Amino acid sequence: MRMENYSMEEMPQITFGKPAHGVPTAYLYVANCGPAVGISYSDIKKAFEVFGPVVNVQPAGTSGSRVYVSYDSVDNAVAARGAWNSVACDALEGRVMVIQHAVPQTQPSAGEQVVVSMSSVDVGIPGLTLYTDFITSEEEQELLHEVDERPWQTLAKRRVQHYGYEFLYKTRNVDLTQRLGELPSVSEPVLKKISLVPDIRNAKEPTLPFDQLTVNEYPRGVGLSPHIDTHSAFEGSILSLSLGGPCIMEFRKYINRGDSPADDNEDMRDESYGNSESMNGQKDDCLPNKSVEVIRKALFLPQRSLLILSGEARYAWHHYIPHHKIDNVNGQVLDRGTRRVSFTFRKVRPGPCSCTFIEHCDSQLSDTRTLALDSSRCSIDEGTKGYASVDSPEEGDFSNEIPYIPVETGSQPKHFNAATPEIEKRYVHKVYNAIAPHFSDTRFAKWPKVALFLESLEPGSVVADAGCGNGKYLGFNKNCFFVGCDISPPLIGICAQHGHEVFVADALHLPHRTGFCDAGISIAVLHHLSNEERRIRAIEELLRVVRPKGRVLFTVWAVEQEDKKLLTKWTPLTCKYTEEWVADTGTTFQRNLSINSLKSINEGESQISSANPCENTPKDTVLEAAQLGRSVGEADTPQQDVGDESLSSDAGIVGEAEQQEYFVPWHLPYHRAEIGGASAAALADGLAKKDDVKRALVYNRYYHCFVEGELQRYRSLPSLSETIRTCTVVILDKSVVPCAFNVSPIAFDV
Amino acid sequence: MRLLTHNMLACNIKGVTKGFPLAIEVTKLETKESEMNPDFLRHIYPKLDWKALHDAAHTLGLNDIPEQVEPAMLEDEDFLQKFHHALLEVHLEEGALICPETNRRFPVTKGVPNMLLNEDEV
C-alpha cells in the first residue's frame, strides 16, 4: 500500500473535468475499478497496457473505485474503451467497468481564472473599497477573543452571532420589531474608526450609525454562495472586516445580452473579456440562458482588512467566497488558515428600497421569482465546474442568502443540500441501528387507521413506504405492490429477511422516479426530523414520488397524548440536557442545535457548568422507573411504548404546551442487548445508559412531537400547496380528527 | 431487488438530470417464484419504462422480453408469464446499480440496494 501511494505521488497528476460524452480523448474515466474493489493501480496499468503504453493511472475522486487511465494516443484509449466498456473484463477478474473518455482540464479551475486583484482600484467596481490593515493585530485579537467568549449560533457549515437585529436566513431579512440591543461594546473603537472613513462619512446614501452586526466564523475551506444582500433589509453601505485569516472574494454581475447595456457597464465588460478570454466558452457552456453575460472580478481580502460595499457594488454585484482551503492568488498559493472570522456591519432599512438597480431590488420587483432566477444563474456555473457545492439555503454571510438551487425542470427532484443534523444521526439513526432487532420484534401491532388507509387503496397500486422501519406495513394489502425504504440498514435488513422489497434511502432524498407510485405512506417518521425545513422536505419528497391524484398518508406523534403518563416518561429537551450532549459529542453537536427547532437551548445555557452533569438526570430517570416499573420487565411487549403512533386526541390539555422536543426512551433488555452487537460501543459512547434495576440499556430517541394544527399549517406553504391540489393527502396528527389536505378522507373519520 | 424496483429507481445525486435507468452490475441473481397476477401486470404496464425493463432484463440474461409491447399482448398468457417472471421473480441479490450520468455505483447487497447519498452528493 505504501509503495502504491509512493508511486502514485510520483506520477504526474492531471486534473480532469467531467467525463466527456462521445468525444474521444487519450484519457479514460473508468468506473468500478480501483483499490476499493481490490484492484491495485499497477494491476490496472498492466491490464490497460494491452492496448498501448499507459502513461498514468490515477484515482478519480476519493471513492477508490474509479480511476483515470491516460494513454499516449487517442486510438489506444478508443480501443480500450471499445473492448472493455460495460463487459466483463477477463484481464481484471471479470469485472464489468463503465468506461468513458475524460477531458483533462488544461486551464486552472473556473474559480481561479479570474485575475485576483490586490486592491479595490484594480477591481474597478463602483462603490467597492478595500482598506488593508484597517485594524491592528491587538485590536484583531481583542475582537476575536470577545466573540469567542460569546455563544455562537450554528449553521450547516459555519457559526454566526447576530447583534442589533437577528438576520433571519429564511426570509433573508431582519425583523424590525425584534431588536436585540446594542452592538457589543468591543466593536465601538472599530465603529468609531469606521465613521471617520471618507467613503462612509461622505456617502451619498447615509449609512451611520450601523445597527446590525453579524459575526461569521468560516472554518477552513468553507465559502459563501453568491448573493446580493436583500435590498429591503439594509440601507447604505455594507462593511466586512476580515479577522483571523484571508480569503478571496469574487464579484459577479449578470447582464442580459440584448438589453441596452447600462452605460457605466460598457467598458468594464470589455475589460473583463480582455482579462479572461476563456470566459466566452465557459459562459456558453455553463449558463442556461445564452443571453446572459457574466462579468467576474476577484479581490483578495487580507486579514485585518475592511471591505466597503456601497452603491453598485452593494446593489448590483453578487459577492461570493469560493469554497477553497487554499487560494491561488495569481500564481501564489495562499492558505486560508484555520478560520476566518468576518464582522459584517450593516444598517437596517426602515422602509422599502428605492435604488436604481431595479432588476436586483426586491422592493421594486413585484415578482420575486425574477430574483430567484437571477440567483440560480450564478449557481449554474458552479455545478458544472465541479466546485464543491457546500452552500445551503440557511447559510448566509451578508444576507440575501440566494440559495444554491439548481434550475429545476418539471420532474427533476428538488435538491435540498443540508447535512443531516447530528441530533438525528445520533439520537435517531444510531439508536435505531442499535436497537433494530428488538425494535422489530416488538413492533408488529398495526395501527388501525394506517390499516384502513392501506386497505382502501386500489388493487395494483404501487405503494412507497418512506421510513418503513421494520416493514410492518409492507405487504399489508396483498393487492398492492409495496416498496419500503429506510435510512437504517439494520432495519432494512430485517425487512429484506421477511421478503419485502426494500432499499436503503433517506426520506429526504428519495431515489424513486417522480410520480411513479400510486400511494405513499410516512408512518411515524416526520417526528424524527429535527427542524421544520427537514419535515417539510420529507413531505415534499413523498408527494413528489406519488403520481397526481395519488394518495398519501402521514402520521406523527402528537404532543397531546391520551395517556398523560407517557409524557412523564419522556425527557423534555431543556438546557440541562445540552450539558449531557455537549459532554457526549463535543462541539460538533452543540453547533447543530441552533438550526434545529430547539430554540430554547442556546449555548449560553449549555455552558453553565455543572460539577457533574449526570447529577441532573437521575431525577427523571427515577420518575420514569416508577412509571415504567411494570412494563420494563416485559420490555419485549409492544405495550412498552404505546406512544408509537398513538396519536391520541384528548382535547390536548397538557401542562407544557410549548414543549415539543423530547427524548423518548427505548429500553433494550440486557438479554437482547448483544443481538445488535452495538451495545458495548453505545455504552462507551454514552449513547446508551445501563439501568440495572430494569436490567435494560436505555437509549434515547429524539422526537419532535406535533401540536394540533402544526401539520395543517404546512398545507398553505407554496411548496406544498401545488402538489397537494393533485394528491389526496391525509394527515393524522390526532386520533379523532384526521386532517385531510384536500379531498376529505371519509374512510378515516373514525 | 426486482426489476420492478429497478424501473422505479433513479440516481438522485444533486445536479444529475439523466439518472435513469441505472445500469445493472450483476454478481448474483436469484429466482423466487411467485403467483402471477395478470391485473397487476396490466395495471403496472403503463407506468413502466419498457425500454429500461427490456434492457435490464437482457443484462440479467432474460432474453425473452420483447423490445416493444402491443397492448394486445397483455392478454396473452405466455407473454404475461414472461413479463411476470422478469418483473417480479428474478431478484438481483448481489451487484450494483450504476448511474448512467455520473457512474456513481449503488451497491446491492443481500438483495438490498443502498441508495443513500453521501453528504457531498445531496
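Strands β13 (residues 212–219) and β22 (residues 339–348) of chain A run antiparallel and are joined by eight bridges. Within this pairing, Pro219(A) sits opposite Arg339(A) of β22(A). Strands (E, at least two residues) and helices (H or I, at least four) are DSSP runs, numbered from the N terminus. Two strands pair if DSSP finds at least two bridges between them.

This is a predicted model: local features need pLDDT of at least 70, side-chain atom pairs count only at pLDDT 80 or more, and totals for chains, interfaces and linings use all residues. Residues are numbered from 1 along each chain as its sequence is written, chains are lettered from A and ligands numbered from 1 in the order written, and side-chain values use heavy atoms, without hydrogens and water.

## The sheet

The open sheet has seven strands in chain A, with antiparallel pairing. Their order is β8-β18-β15-β22-β13-β10-β9. Strands β8 (128–131) and β9 (153–154) of chain A form the edges, each pairing on one side only.

## Helices on the sheet

Helix α6 (residues 137–148) of chain A lies across β10 (159–163), β13, β15 (234–243) and β22. It runs at about 85° to β22(A). Helix α7 (residues 188–195) of chain A also packs on the sheet. It touches β15, β18 (306–309) and β22, at about 60° to β22(A). Contact means heavy atoms within 4.5 Å. Axes are lines fitted to C-alpha atoms, for helices over the stretch in contact; angles run from 0 to 180 degrees between N-to-C directions.

## Cysteines

Zero disulfides (cysteine sulfur pairs within 2.5 Å) are found over all chains. The sulfur of Cys355(A) is 3.7 Å from its closest cysteine sulfur, in Cys353(A), too far for a bond.
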